[in-house]
Amino acid sequence: MAPVLWAAVALAWEMGSPLARRDDTLTRTVTSVVFSVVGVALVVGAFQRLRRELRQIHAVADAAQQALLRPLPHHLDGLSVAGVQLPAVPGAAVGGDLYEAVATPYGVRVIIGDVRGHGLAALGAVAAVLGSFREAAHEEPGLGGLLRRLERALQRYVSERQRDEGEAAPGAAGNPSAEEFVTVLLLDLHPNGDVLVLNCGHPWPYRIGDGAEPLAVGEPLPPLGAFPLPDTLPVRRCARLLPGEALFLHTDGAEEARDTAGRFFPLDAVLAGAAEPPRSPDEVIDHVRTALLAHTGGRLTDDVAFVVVRDDRTPAAAPCAPAPGPRPARTAPSSR
């Protein structure tokens with residue numbers, strides 16, 4: 001605003017001041033220099049204020065986004081954990097993908113999901129689902145009850161969004177909230193290595209051990225919010241996660257990423273390369289992220305999230321048989 005006002009003052013000076021109409025070269029030169037210097041100073045000051053405001057806005061946005069998608073703990077009950085998100089929107093810290101891992105009385109619980117759409121528009125649904133998970137994971141004994149809590153949280157968010165924006169009734173044509181859904185993968189990791197999975201339209205994870213293979217254990221449910229949940233939820237029990245093995249969770253932005261020739265990212269081959277030699281969860285993520293960005297030239301069209309969970313527990317030793325005691329002496333039969 002100040003540079004604009006100063007330009008108006010300069011124009012008024014040129015139009016109405018007697019000094020501005022003098023033929024004295026010195027006077028006209030001095031006034032031109034003064035107006036130019038002050039104008040430049042005002043422009044530089046306005047630019048510096050704008051930069052400070054932008055830095056403050058970025059700092060607030062980063063803090064809010066980091067609180068929403070907080071860093072995962074490196075260790076949870078004998079498991080090593082790592083996660084990262086690569087937003088499709090440049091400069092964003094989070095997008096439409098979500099993940100979390102928490103230690104609960106029922107084992108370590110992990111969620112990864114993908115909200116329809118990407119970028120800042122998806123943050124409301126991300127907050128609703130993650131907030132519900134962080135509370136319900138400690139209260140619900142089974143994955144089925146946990147998933148139903150997430151469904152109710154998403155429904156509340158959609159209803160509140162419709163009320164605030166004055167949208168049409170759910171399911172009406174042209175209603176954006178009618179198409180609000182989230183793919184969700186829930187994991188229960190027990191201390192004995194048991195893995196329970198409940199999948200709502202999400203890509204199956206990979207098991208990394210002696211190579212890498214998809215952990216597909218049946219047809220998933222539809223994405224959360226697309227249809228009501230059925231009365232019976234198919235919680236699957238997978239093969240036990242052995243010490244040293246890891247699970248690689250991802251969103252579909254990884255498998256659907258393409259290079260300039262339209263070729264899909266070879267996630268299975270990249271993960272196979274991450275299995276030898278064995279790598280930590282952070283190293284696995286760095287390996288896959290580097291390969292993905294190289295494949296796409298650093299241009300992502302969808303948000304991508306990775307989570308790696310590795311079992312670092314020491315194998316339980318087999319119980320030892322008690323050492324044999326001294327053999328009792330054989331007594332001779334008595335003679336009669």
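This is a predicted model: local features need pLDDT of at least 70, side-chain atom pairs count only at pLDDT 80 or more; totals for chains, interfaces and linings use all residues.
**Entry 1, the count.** I began by looking up the salt bridges as a set, and the structure holds 12 of them.

I then turned to the pair R70 and E100, whose closest N and O atoms lie 2.7 Å apart in a salt bridge. The two residues belong to distant parts of the chain, 30 residues apart, with R70 in the loop between α2 (25-68) and β1 (75-76) and E100 in strand β3 (residues 97-104). For burial I noted that E100 has a relative accessible area of 2% and is buried, whereas R70, at 36% relative accessibility, counts as partly exposed.

Next I looked up D194 and R240, whose side chains meet in a salt bridge at 2.8 Å, N to O. This pair, too, links distant parts of the chain, 46 residues apart: D194 sits in the loop between β5 (182-189) and β6 (195-200), and R240 in the loop between β9 (236-238) and β10 (246-250). D194 counts as buried because its relative accessibility is 13%, under the 20% cut-off, while R240, at 47%, counts as partly exposed.

Last, I recorded the salt bridge between D259 and R263, with the closest N and O atoms 2.8 Å apart. Here D259 counts as buried at 14% relative accessibility, and R263 counts as exposed at 54%, a value over the 50% cut-off.

Note on methods: Residues are numbered from 1 along each chain as its sequence is written. Side-chain values use heavy atoms; hydrogens and water are left out. A salt bridge is a side-chain nitrogen of Lys or Arg within 4 Å of a carboxyl oxygen of Asp or Glu. Helices (H or I, at least four residues) and strands (E, at least two) are DSSP runs, numbered from the N terminus. Buried means under 20% relative accessible area, exposed over 50%, partly exposed in between (1.4 Å probe, protein chains only).
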